Amino acid sequence: MNHSFDIVIVGAGPAGLAAACAAAESGRRVAVVDDTPWLGGQIWRGQQARPSIPQAQKWIERFRRSGATLLDRTSVIASPKKGLLLAEHPDGPREIHWQHLILATGARELFLPFPGWTLPGVTGPGGLQALVKNGWPVSGQRVVVAGSGPLLLAVPGGLKKHGAKIISIAEQAPWSRVANFGLGLLAHPGKLLQGAGIKLRLPGVPYRCGVWPVKAEGDSQVRSVTLTDGRRTWTNDCDVLACGFGLVPNVELPLALGCELLDGFVWVDTWQATSEQHVYCAGEPTGIGGADCALVEGRIAGYAASGQLDRAQGLLGQRASWHRFRASLAKAFALREELKSLAADDTLVCRCEDVTFERMKPFNGWRDAKLQSRCGMGPCQGRVCGAAARVLLGWQPESVRPPIFPASVGTLVGMGTGTASK
Ligand SMILES: Cc1cc2nc3c(=O)[nH]c(=O)nc-3n(C[C@H](O)[C@H](O)[C@H](O)COP(=O)(O)OP(=O)(O)OC[C@H]3O[C@@H](n4cnc5c(N)ncnc54)[C@H](O)[C@@H]3O)c2cc1C
């Protein structure tokens with residue numbers, strides 16, 4: 001099936017929704033493509049069906065009135081030539097033609113390997129939240145939350161509401177940096193109130209800074225986690241360990257389109273334009289700054305792509321403020337050196353292809369390791385181990401080859417693009 005639009009946006013999270021509204025309200029033919037069946041991306045997952053967050057409702061309703069088309073359950077897998085995206089839908093392949101493209105592909109959790117991290121019951125906090133929102137029974141389960149970043153505070157409240165018993169929260173960043181970050185929130189009172197509210201909903205749950213997991217143990221599932229503050233270690237019994245070390249941007253599609261990166265994020269100019277002509281980027285692929293930052297970047301990209309630079313101009317001050325918040329987030333939750341040595345020689349780094357840390361260490365970079373050990377060649381296509389290898393071994397991501405997501409042979413052959421033979 002063929003689609004053709006003036007402006008195509010990949011990603012229906014806050015950045016994509018805001019971009020779609022800004023562009024479509026000017027009368028352009030706009031489509032938003034998302035691989036999920038819902039509007040709202042990661043943070044507003046479930047809001048379409050069961051509204052509870054006013055900000056999410058506001059944007060979902062505005063999107064519905066905007067005249068933009070939603071192509072849901074549609075996963076963009078390749079871009080064989082300028083102006084064309086190839087996508088997979090449960091009913092078959094899609095070709096999507098664009099004149100201007102806005103990439104709002106979001107981020108995913110960063111997992112760092114440590115002994116026991118592949119045990120059943122060890123998951124990311126965001127992943128656990130998604131499972132629970134989709135009905136996974138967490139009632140009565142003892143949950144330890146560990147790793148780094150605001151998700152460690154954002155997720156446990158929801159788990160508790162579903163009956164989980166939160167044992168402790170272990171944040172790897174030192175208390176001094178987290179406290180400074182908290183003070184900086186005075187510039188964003190909404191965020192400060194949100195943070196305080198979250199903590200109040202978790203009475204009696206210890207939130208320890210400067211603490212990180214060193215191993216998880218169990219049998220058919222995780223039974224305990226050993227934590228350290230660098231001086232002493234202790235063990236918490238648990239049924240679930242929700243452990244993630246922040247977020248990493250989804251830059252595979254921007255890379256496949258030839259967009260330049262800067263420090264691992266998509267480089268953009270004042271108007272959110274990338275290094276590729278007529279291609280814009282907004283939200284987490286340009287930096288991890290949260291939903292409000294994604295919204296304002298999305299609006300700027302939508303206005304710029306539809307030629308409304310005067311309207312985009314009016315938002316630059318707001319964006320600068322959220323970029324200061326983004327920078328303080330990165331500084332506060334920067335990962336400590338000790339995390340690089342958590343993996344033992346026999347710890348799996350690539351869990352899809354069973355490649356251990358010892359097997360990966362001798363290689364010079366991602367390409368060598370991939371060719372000789374098969375790391376990154378499994379179903380996740382290096383989305384988990386590639387990001388881990390960047391932290392552990394300093395390996396930079398290399399070129400991306402299509403399809404960027406596993407795709408059916410039927411899709412590849414049916415499109416007759418030659419992608420299937422690569
Ligand atoms: C698992 C997880 C849980 C989170 N939970 C919270 C939370 O509880 N509270 C909070 O404040 N923040 C949370 N965040 C952070 C929050 O999601 C972001 O700050 C914010 O939503 C960023 O918005 P965005 O529009 O940039 O990206 P996202 O909201 O991530 O939206 C990106 C969208 O693009 C889609 N997409 C990506 N690639 C493709 C492709 N190739 N084809 C089609 N579609 C594609 C994705 O499915 C997704 O729907 C979470 C993040 C993650 C990863």
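The model is predicted, so local features need pLDDT of at least 70 and side-chain atom pairs count only at pLDDT 80 or more, while totals for chains, interfaces and linings use all residues. Residues are numbered from 1 along each chain as its sequence is written, and side-chain values use heavy atoms, with hydrogens and water left out.

Rings of Phe, Tyr and Trp (its six-membered ring) form a pair if their centres lie within 6.5 Å; planes under 30 degrees apart are stacked, over 60 edge-to-face, and the rest tilted. The count under this rule is four aromatic pairs. One of them joins Phe181 and Phe325, a tilted pair with 5.9 Å from centre to centre and 40° between the planes. This pair links distant parts of the chain, 144 residues apart: Phe181 belongs to helix 5 (residues 175-184) and Phe325 to helix 10 (residues 316-332). Helices here are DSSP runs (H or I, at least four residues), numbered from the N terminus. Phe181 and Phe325 are buried, meaning under 20% relative accessible area, where exposed means over 50% and partly exposed lies in between (1.4 Å probe, protein chains only).

Phe325 also pairs with Trp322, edge-to-face, at 5.4 Å centre to centre and 90° between the planes. About one helical turn separates Trp322 from Phe325, because they are three residues apart in helix 10. Trp322 is buried, as is Phe325. Ring pairs join Phe181, Trp322, Phe325 and Phe333 into a cluster.

Now the arginines. Arg401 lies in the loop between helix 13 (385-393) and helix 14 (409-415). It counts as exposed because its relative accessibility is 59%.

Terms used
Helices (H or I, at least four residues) and strands (E, at least two) are DSSP runs, numbered from the N terminus.
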